[in-house]
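This report concerns the salt bridges of one protein model and the parts of the chain that they join.

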Amino acid sequence: MSVHKIALIGTGLLGHSIAERWLLTNHSLLVYNRTAAKAMDLVSLGAKLCSSVSETIEAANAIFLILSDATVTKNLLFEPNVQTAFHGKTFFQMGTISPEESEELALKIQEKGGSFVELPVLGSKNEAKSGTLLLMFGGSEEEYHRWYTLLSALGKVFFTGDPRKAAVLKLALNQLIISSIIAFSTSLSMVLKERIDPELFMEILRKSSLYCATFDKKLPRILNKDYSSANFTLKLLLKDLTLCSKETEKLSIQSEPLKAYEKLIQMAIDQGFENSDYSSVFEAIYQTL
């Protein structure tokens with residue numbers, strides 16, 4: 001059993017899967033979600049469901065924040081009825097937020113006596129459940145060594161030092177997710193519109209240095225037009241893309257390609273794919289060619 005008292009706030013797609021991982025690796029766990037019904041099945045696995053943020057923080061010393069964005073996170077942690085002291089508690093911010101939002105959240109938590117770690121991950125529910133996430137640890141070396149063994153249950157931990165660097169790394173990696181699915185969708189659209197066998201295309205692609213495993217993962221969804229059971233929705237992809245665009249502009253990096261991606265993703269959302277798997281951006285690209 002864990003010597004740490006672990007709490008998880010936010011049991012959405014990723015949060016729920018991480019909670020399952022903690023429980024399946026024999027860690028005791030407290031959970032809180034604004035919609036309690038979405039966390040009820042975790043109780044049957046051994047989690048304790050808390051009724052408030054204050055109760056959750058009070059009972060734990062390692063609090064994992066896995067919420068949709070920085071605004072929701074700040075509103076939950078710092079609403080007037082959260083009176084719990086943060087002293088002796090470490091908060092792990094795992095959602096995708098901007099570097100500036102990470103710095104602001106860190107300052108607020110530290111002002112209340114807590115410790116802050118920016119801990120974004122690469123991977124989704126399958127990697128979370130199997131303990132193969134890639135975690136970017138933005139915090140002090142002392143905190144890194146303190147929590148390394150515990151976090152290793154979730155996957156491979158990479159030390160970035162400055163929390164800001166962890167946030168930027170996450171945006172840089174998510175930009176590759178965005179650009180690769182759009183590039184693949186464009187090429188596949190060309191193949192399909194010319195009535196070329198997609199398996200011939202894939203056979204050649206797999207033998208080349210251009211290949212990415214994501215292409216094979218997403219190909220059945222695209223060919224079958226089945227974008228249900230999303231690991232990463234188009235709505236969240238657009239949110240992350242907006243953060244990427246803002247960051248590239250701040251760093252004086254050309255952001256025009258990202259603006260074009262944003263237009264394509266918005267087109268797919270307008271077609272009704274907001275809560276579908278992000279590979280549904282193919283529908284907007286195929287229709288516009």
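In this predicted model, lysine 250 forms a salt bridge with glutamate 100, the closest N and O atoms being 3.0 Å apart. Lysine 250 belongs to helix H11 (residues 234-250) and glutamate 100 to helix H5, so that distant parts of the chain, 150 residues apart, are linked by the pair.

Glutamate 100 also takes part in a salt bridge with arginine 164, again with 3.0 Å between the closest N and O atoms. Because arginine 164 lies in helix H8 (residues 163-193) and glutamate 100 in helix H5 (residues 99-111), this pair ties together parts that are 64 residues apart in sequence. Arginine 164 is partly exposed, at a relative accessible area of 23%, and glutamate 100 is likewise partly exposed, at 28% relative accessibility. A network of salt bridges links Glu100, Glu103, Arg164, Glu247 and Lys250.

Another salt bridge joins the side chains of aspartate 277 and lysine 218, with an N to O distance of 3.1 Å. Aspartate 277 sits in the loop between helix H12 (256-273) and helix H13 (281-288), whereas lysine 218 is in helix H10 (residues 213-224); the pair therefore ties together parts that are 59 residues apart in sequence. Aspartate 277 is buried, with 0% relative accessibility, and lysine 218 is buried at 8%.

| Salt bridge | N to O distance |
|---|---|
| Lysine 250 and glutamate 100 | 3.0 Å |
| Arginine 164 and glutamate 100 | 3.0 Å |
| Aspartate 277 and lysine 218 | 3.1 Å |

In total, the structure holds 16 salt bridges.

Definitions and conventions
Residues numbered from 1 in each chain as written. Predicted model: local features only at pLDDT ≥ 70, side-chain atom pairs only at ≥ 80, totals over all residues. Heavy atoms only, no water. Salt bridge = Lys/Arg side-chain N within 4 Å of Asp/Glu carboxyl O. Helix = DSSP H or I, 4+ residues; strand = E, 2+ residues; numbered from the N terminus. Buried < 20%, exposed > 50% of the residue type's maximum accessible area, 1.4 Å probe, protein only.
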